[in-house]
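Subject: Handover of the two-chain model

Hi,

Please load it first, then read the notes below it.

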Amino acid sequence: MPAKTKSKSGARVELNTTSLTEQDYQQIAKKHKPKTKVFTNCLKAFLVGGLICLLGQCIQQLFMTYGGMTSREASSPTVAVLIIISVILTSLGVYDKIAQWAGAGSAVPVTGFANSMCSSAIESKAEGLVLGVGANMFKLAGSVIVFGVVAAFVVGVIHVIFGLGGVH
Amino acid sequence: MIFLWAFVIGGLFCVVGQIMFDVFKMTPAHTMSTLVVAGAVMDALGWYDPLVKFAGAGASVPITSFGNSLVHGALTELHRDGWIGVITGIFDVTSAGISAAIIFSFLAALVVRPKG
């Protein structure tokens, strides 16, 4: 049985080098098509994600220069400003257009977190303020918060058990 | 120089997310949850703080920094208040992000008319 399949695949390899049947062509095309798509998608994600972080760095620099904050103090207001920008862009329907082009580039930064909350809040407005907006706001963001908190708790418990005392 | 590294490192985090989308066929929720846990683990190992120092917003803007801040809050209060700090401190640092997102999303939902 193994010898038979071996000869069969061997024949196919020979076929590949001489002439391409439609099947072979499609197989090769299928093999190559997603690869290039992944590459361009990654490039777009890199550009947009990088630009969002660059914008964040500029805002942080403003807080440090004009607010007299250290870089650690400035990171919370920076995140808050980015979230406000993201909510405004989501409300105007601009963020979703960016997201279509950028994929993870606009989803991974904290602006994507705010976008997911804001868009599910707006979408479910018709169901009412409590059952719609209130209940659905954390539809996507909820899993992020749950797993983040559980992970942080596990790390904290490990520190307690091994007596690390929480010092870094 | 920190502006360049913010761009590069922030972009690389997004590339990792895009690869999880495209190659591993993960949903956005799975990807974000994984990245948050990854950020928490990186902070537990002590890798995230040097990265923030090196790349600034490139490390503090991606969602991984959310996991990092949750761990930071828990460990800081653990150090200060003892074991109960693990529970009370988790949202200490991330309050700004979560509160801002809740408040402004709610306000937007009041004002904006949904499409369709």
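Conventions first. This is a predicted model, where local features need pLDDT of at least 70, side-chain atom pairs count only at pLDDT 80 or more, and totals for chains, interfaces and linings use all residues. Residues are numbered from 1 along each chain as its sequence is written, while chains are lettered from A and ligands numbered from 1 in the order in which they are written.

Chain B. There are 7 helices and 0 strands in chain B. Helices (H or I, at least four residues) and strands (E, at least two) are DSSP runs, numbered from the N terminus. The order of elements from the N terminus is α-α-α-α-α-α-α. Along the principal axes, the C-alpha atoms of chain B fill a box of roughly 50 × 35 × 30 Å. Chain B has 116 residues, and 54% of them count as buried (20 or more other C-beta atoms within 10 Å of the residue's own, with C-beta atoms placed from the backbone).

The contact between chains. Chain A puts in 64 residues and chain B 59. Contact means that the C-beta atoms of two residues, placed from the backbone, lie within 7 Å. On chain B, the elements giving two or more residues are H1 (2–22), H2 (28–44), H4 (57–60), H5 (64–81) and H7 (95–111). H1(B) gives the most, with 15 residues. The chain B side divides into 42 nonpolar, 14 polar and 3 charged residues. Here Ala, Val, Leu, Ile, Met, Phe, Trp, Tyr, Cys and Pro are nonpolar, Asp, Glu, Lys and Arg are charged, and the others, Gly among them, are polar.

One helix pair. H6(A), residues 110–123, and H7(B) have axes that come within 9 Å and cross at roughly 35°. Axes are lines fitted to C-alpha atoms over the stretch in contact, with angles from 0 to 180 degrees between N-to-C directions. The crossing of H6(A) and H7(B) is right-handed (the near helix is turned clockwise from the far one by less than a right angle). Residues that meet there include A:Phe113 and A:Met117 in H6(A), and B:Ala101 and B:Phe106 in H7(B). This contact divides into 11 nonpolar, 2 polar and no charged residues.

Annotation. The unreviewed UniProt entry marks residues 38–63, 75–95 and 140–162 of chain A as "transmembrane region". Such annotations may be inferred rather than shown by experiment, and positions are in the numbering used here. In the model, residues 38–63 of chain A are 100% helix, with end C-alpha atoms 37 Å apart. Residues 75–95 of chain A are 90% helix, with end C-alpha atoms 22 Å apart.

Best regards

Notes. Buried ≥ 20, exposed ≤ 12 C-beta atoms within 10 Å, placed from the backbone.
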